[in-house]
Amino acid sequence: MSSHVYDAVVLGAGPAGEMAVSRLAGQGVKVALVERELIGGECAYWACIPSKTLLRAPEVRGEATRTAGVAEPGVEWSAVAAYRDMMIRHLDDSAQETGYRDQGIDVHRGQARVTGAGRVDVDGVELRTERIVIATGSDARIPDVEGLAEVGFWTNREATTLSEIPRSIVILGGGPVGVELGQFLARFGTRVTIVQGAGRLLPREDPAVGALVLDILRDNGIDVRLGAQAVRVSREGEDRVVYLEGGETVSGRELLIATGRAPRVGNLGLEALGIEVDPRGLRVDERCRVSDGVWAVGDVTGVLAFTHVGMYQARIAAQDIAGQSAHADYRAIPRVAFCDPEVAAVGLTEQLARQQGLDVSTAHVRLADAIARPWTYQEDPAGELGLIADRARGVLVGAWAVAPLAGEWIHYAALAIKMQTPLAVLRDTVAQFPTFTEAYLKGFEQL
Ligand SMILES: Cc1cc2nc3c(=O)[nH]c(=O)nc-3n(C[C@H](O)[C@H](O)[C@H](O)COP(=O)(O)OP(=O)(O)OC[C@H]3O[C@@H](n4cnc5c(N)ncnc54)[C@H](O)[C@@H]3O)c2cc1C
């Protein structure tokens with residue numbers, strides 16, 4: 001068995017692992033990267049990048065349709081699919097591998113398994129190191145519904161690399177993945193049904209957000225079933241039929257599972273280090289340490305399944321490995337669903353803030369009543385902003401917005417939350433007229 005020695009070894013080359021490697025290499029650490037599929041991970045090939053690319057063309061058409069004086073542009077699926085293929089590098093990561101090798105970073109292709117303290121096996125090659133960074137990501141979580149395996153289904157992988165638009169689809173799950181992919185497909189002509197177990201869409205967010213998104217999807221012609229549990233699926237002709245608790249059925253040519261993510265912790269050999277493998281993710285401390293000499297970053301930690309969170313954790317772990325002070329702070333992490341209009345949130349929801357015992361005050365701004373910018377976009381504009389503040393400290397602790405470009409201007413609230421900027425300072429801060437950002441001022445005045 002051949003053996004290599006490194007200062008650090010990173011398991012998994014998704015955005016979290018790639019950030020860890022580049023930071024560690026930049027610090028002069030001799031580091032190796034292990035990847036069993038494609039360098040770039042879920043995000044680059046089957047998640048963020050293809051989904052945002054696929055949503056863009058119908059979004060532009062939607063904007064054009066709502067803008068006075070613009071004729072509705074056509075959208076051509078084959079050209080959109082070709083652009084998506086380019087964006088996901090035709091599922092070819094050879095340039096990424098070459099890039100690492102050119103920087104003097106070893107890439108080991110294969111399944112990584114920890115075999116003991118400081119030892120990782122990659123399909124028969126042994127890597128020895130005092131520092132292991134686990135960045136193995138997550139898979140689609142498959143619910144326990146009778147008949148699923150027999151009828152076959154899509155996960156995010158098939159949905160984001162699809163070559164033909166299906167005639168109809170049932171989507172199990174009304175979180176960000178179900179909402180985004182549902183809207184994309186509906187706008188390309190698929191008859192979409194979303195079956196959501198919770199009583200609202202995007203249940204992690206404020207109830208007002210779920211209600212607004214429900215209106216948006218129903219306007220797109222999507223049949224949304226809330227509080228609906230799928231109990232069984234079967235194949236009838238070319239369709240997949242989903243039986244809901246209570247006896248109703250919904251059907252579609254395809255079936256997409258979008259019921260959350262499961263951290264990839266299986267077969268990693270962590271028992272060899274005495275690490276308890278929690279199915280919700282590897283428990284990390286504020287420095288992203290799992291145990292002595294072992295760090296975990298990204299979706300595998302189960303903290304918040306976002307690329308920017310994984311990359312942040314990777315920076316924290318690299319700082320810790322460099323002996324610098326490191327402390328992950330998740331209070332101001334933006335959460336965006338890239339539907340049209342965008343849904344963005346940051347910090348605490350009102351419910352969470354109350355659960356934490358805060359004396360909460362809230363503001364709710366209807367953009368059309370408060371600011372000019374939405375009117376320059378369209379007649380009768382929708383869009384809302386919600387703010388959550390801690391009265392005792394006089395600071396913002398949460399915000400959400402459903403409006404054009406909300407994923408951009410939510411960062412104003414993110415910085416205010418992170419910096420604990422006094423509300424008095426926020427009220428005295430001037431935003432450009434006419435922008436969506438101006439809505440904050442109305443909200444701060446309400447607070
Ligand atoms: C449809 C969809 C859309 C999304 N859109 C967004 C978005 O717009 N913005 C956003 O921030 N997030 C988005 N996400 C979430 C985002 O994709 C993840 O948070 C991100 O990919 C996590 O990065 P990661 O590096 O932790 O893991 P991954 O991207 O899953 O990468 C982990 C890598 O580890 C490798 N690996 C696993 N086990 C082993 C092993 N034993 N040995 C060797 N290699 C291994 C895998 O092959 C993989 O390449 C989306 C997710 C989905 C499903």
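Q: Is α8 largely enclosed by the rest of the structure or exposed, and why?
A: Largely enclosed, because 10 of the 12 residues of α8 are buried. Buried means under 20% relative accessible area, exposed over 50%, and partly exposed in between, with a 1.4 Å probe and protein chains only. Helices are DSSP runs of H or I with at least four residues, strands are runs of E with at least two, and both are numbered from the N terminus.

Q: What kind of model is this, and what was left out?
A: This is a predicted model, in which local features need pLDDT of at least 70, side-chain atom pairs count only at pLDDT 80 or more, and totals for chains, interfaces and linings use all residues. Residues are numbered from 1 along each chain as its sequence is written, and side-chain values use heavy atoms, with hydrogens and water left out.

Q: Back to α8. Which residues in it are buried?
A: Gly-178, Val-179, Glu-180, Leu-181, Gly-182, Gln-183, Phe-184, Leu-185, Ala-186 and Arg-187.

Q: What span should α8 have, and what is the distance between its ends?
A: At 1.5 Å a residue, the 12 residues should span 16 Å, and the end C-alpha atoms are 16 Å apart, which agrees. The expected span is 1.5 Å times one less than the number of residues.

Q: What follows α8?
A: Gly-189, with a positive phi near 105°.

Q: What does the largest nonpolar core look like?
A: The core has 42 residues, and those with the most contacts inside it are Trp-77, Phe-184, Val-192, Leu-201, Val-213, Leu-217 and Val-343. A nonpolar core is a set of buried Ala, Val, Leu, Ile, Met, Phe, Trp, Tyr and Cys residues joined through side-chain atoms within 4.5 Å.

Q: Which elements supply it?
A: Those giving two or more residues are α3 (48-66), α4 (77-87), β10 (168-172), α8 (176-187), β11 (191-196), α9 (207-219), β21 (342-347) and β24 (395-403). The largest share, six residues, comes from α9.

Q: And what is around Leu-217?
A: Beyond four places in sequence, Leu-217 touches Val-179, Gln-183, Ile-194, Leu-201, Ile-222 and Val-224.

Q: New topic, charges. How many salt bridges are in the whole structure?
A: A search finds 31. A salt bridge is a side-chain nitrogen of Lys or Arg within 4 Å of a carboxyl oxygen of Asp or Glu.

Q: Where is the Arg-240 pair, and is it buried or exposed?
A: Arg-240 forms a salt bridge with Glu-254, the closest N and O atoms being 3.7 Å apart. Arg-240 is in strand β14 (residues 239-244) and Glu-254 in strand β16 (residues 254-257), 14 residues apart. Both are buried.

Q: What about Arg-366 and Glu-384?
A: Their side chains meet in a salt bridge at 3.0 Å, N to O. Arg-366 lies in strand β22 (residues 360-366) and Glu-384 in strand β23, so the pair ties together parts 18 residues apart in sequence. Arg-366 is partly exposed at 46% relative accessibility, while Glu-384 is buried at 12%.

Q: Which residues form a network of salt bridges?
A: Glu-37, Glu-42, Asp-139, Arg-157, Arg-261 and Arg-264 are linked in one.

Q: Which backbone nitrogens are by its side chain, then?
A: The Glu-35 side chain reaches the backbone nitrogen of Ala-13 at 2.7 Å, and one of its polar atoms lies 3.4 Å from the backbone nitrogen of Leu-38. Glu-35 itself is in strand β3 (residues 31-35).

Definitions and conventions
A polar contact is a pair of N or O atoms within 3.5 Å; within protein, one must be able to donate a hydrogen and the other to accept it, and residues adjacent in sequence count only if both atoms are side-chain atoms. Contact means heavy atoms within 4.5 Å.
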